[in-house]
Amino acid sequence: MDKLNFINEELDKLKEAGLLINVRTVEGPQGAWITVDGKSVLNLSSNNYLGLANDLQLKTASHNAIDTYGVGPTAVRTIAGTTTLHKVLEQKLAQFKGVESAVSFQSGFCANLAVIPAIVGKEDVVFSDELNHASIIDGCRLSKTRVVRYKHGNPKDLQDKIHAEKDIRRKLIITDGVFSMEGDIAPLPEIVEIAEKYNAITMVDDAHGEGVLGRGGRGIVDHFNLHGKIDIEVGTMSKAFGVVGGYIAGAKRLTDYLMQKGRPFLFSSAVTAADVAACIAAVDTLNKSDDLVKKLWSNTRFFQDRIKQLMFNIGMTRTPITPVIIGDAKVAKDFSQKLFDVGIFAQPIGYPTVPAGKARIRVMLSATHSEKDLTYAIEHIEKIGKSQGVI
Ligand SMILES: Cc1ncc(COP(=O)(O)O)c(C=O)c1O
């Protein structure tokens with residue numbers, strides 16, 4: 001008997017349900033137009049919100065860092081030491097976010113895996129928005145903490161659930177800042193109010209907020225002017241910052257503690273000097289000017305106004321993440337393929353990333369797009385939407 005036969009069966013099931021993910025191959029640099037599977041296409045799939053992934057200043061900083069530091073970190077930071085560049089990045093991030101301190105990790109995913117098990121354990125409870133990112137879910141699993149999921153973006157439900165657990169040793173409320181598949185924004189002021197009432201620790205994952213929300217892209221805490229009210233901020237350098245890596249920002253005692261207790265910090269090598277140098281250049285770029293953030297938002301308004309006029313359902317989005325909700329996973333897949341055929345790269349997203357029956361084309365807007373690019377996309381989305389009976 002073939003002991004790995006279950007793999008074939010599982011893959012067949014995914015294919016049958018229209019959920020088999022096709023990982024496309026990108027040749028060349030990121031930008032508004034990229035080459036995918038040998039074809040030049042308009043890129044509506046990336047989180048390169050500000051176009052920094054191929055920015056000359058970031059690339060130059062990376063080249064220089066390789067010349068100075070070489071290419072590899074050689075071991076984990078607690079054993080082999082850390083570069084001055086990592087420290088500079090952490091200081092700059094703390095300043096950018098308006099907090100005392102920051103500590104970097106290999107990715108946003110790793111940052112969530114590091115912080116949650118360090119903060120809570122078996123005797124505690126995490127209150128987690130039901131649409132939180134997979135890395136938050138996995139961080140909670142690793143912590144072995146009991147998780148109480150509250151209804152998406154619903155402070156009333158959070159309040160009821162936390163009240164029922166008010167005598168628990170430690171309470172941690174976790175929410176995405178911007179929800180990555182819906183594009184809506186967490187009701188952070190109400191969450192802070194509830195946290196203060198019940199003495200709960202607050203944690204927000206700002207992966208899709210930084211570079212997008214707040215003054216000059218400083219993120220969700222700045223957007224709501226809640227400085228000093230959030231205990232733990234999670235960030236990633238892989239989206240608007242255009243590079244790779246994650247971080248936790250907050251009080252100095254928090255980051256000191258994570259350097260002792262955060263397992264990805266202790267047991268996995270850090271991102272390379274080249275990555276870190278590019279991240280520093282990205283923060284510097286945002287500190288200098290908010291032009292890219294403004295362009296991102298004008299593109300967002302341009303695209304979303306027109307798509308809504310065409311009667312597409314774009315759900316609850318308040319940010320450049322634009323879910324064109326279709327429903328059936330197979331129809332969404334076919335929609336995406338038809339877009340690709342006319343030179344538009346916009347991926348279908350189905351279960352389990354979004355609930356079953358809520359499949360969508362996730363359109364990611366960027367400062368790199370021109371109005372001409374977006375008009376091209378809108379015309380074809382309209383044509384395909386009509387031919388498929390979506391509108
Ligand atoms: C809310 C949220 N947190 C964390 C991550 C993971 O970030 P990274 O790609 O840096 O691991 C993502 C990326 O998809 C995200 O959307």
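Mentor: Two residues are in contact if their C-beta atoms, placed from the backbone, lie within 7 Å. This is a predicted model, in which local features need pLDDT of at least 70 and side-chain atom pairs count only at pLDDT 80 or more, while totals for chains, interfaces and linings use all residues. Residues are numbered from 1 along each chain as its sequence is written.

Trainee: Which residues does Cys279 touch, not counting residues up to four places away in sequence?

Mentor: With those neighbours set aside, Cys279 touches Leu89, Met237, Phe241, Val243 and Gly245.

Trainee: How should I read the largest nonpolar core, and which residues have the most contacts inside it?

Mentor: In soluble globular proteins, nonpolar side chains tend to be buried together. A nonpolar core is a set of buried Ala, Val, Leu, Ile, Met, Phe, Trp, Tyr and Cys residues joined through C-beta atoms within 7 Å, and a residue is buried if 20 or more other C-beta atoms lie within 10 Å of its own, exposed if 12 or fewer, and partly exposed in between. Here the largest such core has 114 residues, and Val115, Ile248, Ala277, Cys279 and Ala282 are those with the most contacts inside it. Helix H12 (residues 273-288) gives the most to this core, contributing eleven residues; helices (H or I, at least four residues) and strands (E, at least two) are DSSP runs, numbered from the N terminus. The core draws at least three residues from each of domain 1 (22-49 + 290-387) and domain 2 (56-288), the bounds of which come from an automatic or database domain assignment.

Trainee: How far apart do the C-alpha centres of domain 1 and domain 2 lie, and what does the contact take from each?

Mentor: The C-alpha centres of the two domains lie 27 Å apart, and the contact takes 19 residues from domain 1 and 16 residues from domain 2. On the side of domain 1 that touches domain 2, helix H13 (291-309) and strand E11 are the elements that give two or more residues, and E11 gives the most, with three residues.

Trainee: In what order do the strands of the open sheet that holds E11 stand?

Mentor: Two strands pair if DSSP finds at least two bridges between them. The open sheet has three strands in the order E11-E14-E13, with antiparallel pairing. E11 and E13 stand at the edges, each with a single partner strand, so one side of each is left without a neighbour in the sheet. E11 (residues 321-327) pairs with E14 over six bridges, and Met364 in E14 is the bridge partner of Ile321. E13 (residues 348-349) pairs with E14 over two bridges, and Ile349 stands opposite Arg360.

Trainee: Why is E14 largely enclosed by the rest of the structure?

Mentor: Six of the six residues of E14 (residues 359-364) are buried, so the strand is largely enclosed. Ala359, Ile361 and Val363 point one way from E14, whereas Arg360, Arg362 and Met364 point the other way, and all are buried.

Trainee: Which residues come nearest to the ligand?

Mentor: A residue is near a molecule if its C-beta atom, placed from the backbone, lies within 6 Å of it. Of the 13 residues around the ligand, Ser107, Gly108, Phe109, Ala207 and Thr236 come nearest.
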